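Today I went looking for charged side-chain pairs. My notes follow.

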Amino acid sequence: MASAVSRLGTAGEFGNLNPTIISAQVQMVALTRLPWQRLINWMPHNTKGSVTNVVQSTYTTAMSALSESATLGMGEVSAAYATTSRSVTQTAKGLDFFLTLMASEFQVADATHIVNTLGASFGKRLDTDIMALYTEAPTANEIGASLTALTYANSFVPAFAALASGATPNPIFWVLASPQIAEIGTESQFAEWQKLGQAWLDQKIDLPTGYLGVAPWGVECYYSNNYTASAGNHGMMFSREAFQLHEHMPFTVAIDSSEIGVQSRSIKFGGTAIYGVGGVRDTSTTNAWVADIVS
């Protein structure tokens with residue numbers, strides 16, 4: 001049985017595309033619209049196997065006070081050093097489009113639009129996967145409540161305090177769910193941060209996912225359209241060190257015309273990536289370097 005894929009073959013599907021030549025040399029769509037390479041640790045995964053074990057450093061062992069002895073000198077002080085780890089599993093993500101023989105013969109088709117669509121679908125998949133990590137926040141780091149609008153006092157401050165209590169390392173970022181922009185954006189504290197910041201009137205914000213132009217207390221604020229909307233709208237404040245993305249194969253676009261005259265009688269466009277993203281601190285529900293901010 002043929003795969004259930006989108007077979008682009010009607011006049012309406014290609015009637016509005018600009019005339020260019022379909023090029024089989026388009027192999028890669030760069031990740032240029034999302035800021036995640038800046039916000040989380042992005043690691044290559046070049047070894048065999050689909051699971052990476054990430055060792056956690058020990059941050060809780062305290063040093064002892066030493067006293068000097070006239071006969072013994074300084075005492076030796078040691079402590080057990082036991083490491084733990086979290087695993088990140090890489091999986092494949094993909095999407096195919098078929099351009100039928102009829103469409104390629106009778107319609108003016110532009111492969112660039114198909115490639116751009118594949119690239120956008122990858123960005124949405126990646127954005128959604130990372131934003132779903134708000135569930136790693138421990139109970140103490142769950143800030144706000146469903147249907148209760150965020151304010152500077154009930155969201156930013158307690159989230160920052162929660163991360164400070166967990167000795168969260170810099171840099172720290174806040175990615176809001178897009179509806180939260182309207183809640184927090186009119187707060188006088190954020191308005192003043194904009195005015196006192198760098199050329200705030202000239203800020204150009206990327207609408208799919210972008211920087212909001214404010215960084216109170218050094219926390220750069222972004223937003224995402226691909227947040228989780230379940231029991232409220234979930235954004236999160238987190239350290240760059242809280243998550244890692246392990247990339248086994250970067251997003252790649254391939255074009256196959258081998259069936260243009262047989263079977264599906266289509267040119268196949270496919271986008272594929274192999275990666276895994278997850279938390280690398282504590283456990284999947286006690287990651288002290290993440291705060292879930294819900295409204």
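Predicted model: local features only at pLDDT ≥ 70, side-chain atom pairs only at ≥ 80, totals over all residues.

How many salt bridges does a search of the whole structure find? I got five.

**Entry: E220 and R38**

I looked at E220 and found a salt bridge to R38, with the closest N and O atoms 2.4 Å apart. Next I checked where the partners sit: E220 belongs to strand β11 (residues 220-224) and R38 to helix α2 (residues 36-39), so this pair ties together parts that are 182 residues apart in sequence. Then I looked up accessibility. E220 has a relative accessible area of 17%, and I logged it as buried. R38 comes out at 43%, which I put down as partly exposed.

**Entry: K268 and E259**

Which residue does K268 pair with in a salt bridge? I found E259, and the closest N and O atoms are 3.0 Å apart. Is E259 buried or exposed? I have E259 as buried, at 15% relative accessible area. For K268 I noted 21%. Buried needs a value under 20%, so I listed K268 as partly exposed.

**Entry: R281 and D282**

My last pair was R281 with D282, whose side chains meet in a salt bridge at 4.0 Å, N to O. The cut-off for a salt bridge is within 4 Å, so I kept this one on the list. R281 is buried, with 10% relative accessible area, whereas D282 is partly exposed at 27%.

Definitions and conventions: Residues numbered from 1 in each chain as written. Heavy atoms only, no water. Helix = DSSP H or I, 4+ residues; strand = E, 2+ residues; numbered from the N terminus. Buried < 20%, exposed > 50% of the residue type's maximum accessible area, 1.4 Å probe, protein only.
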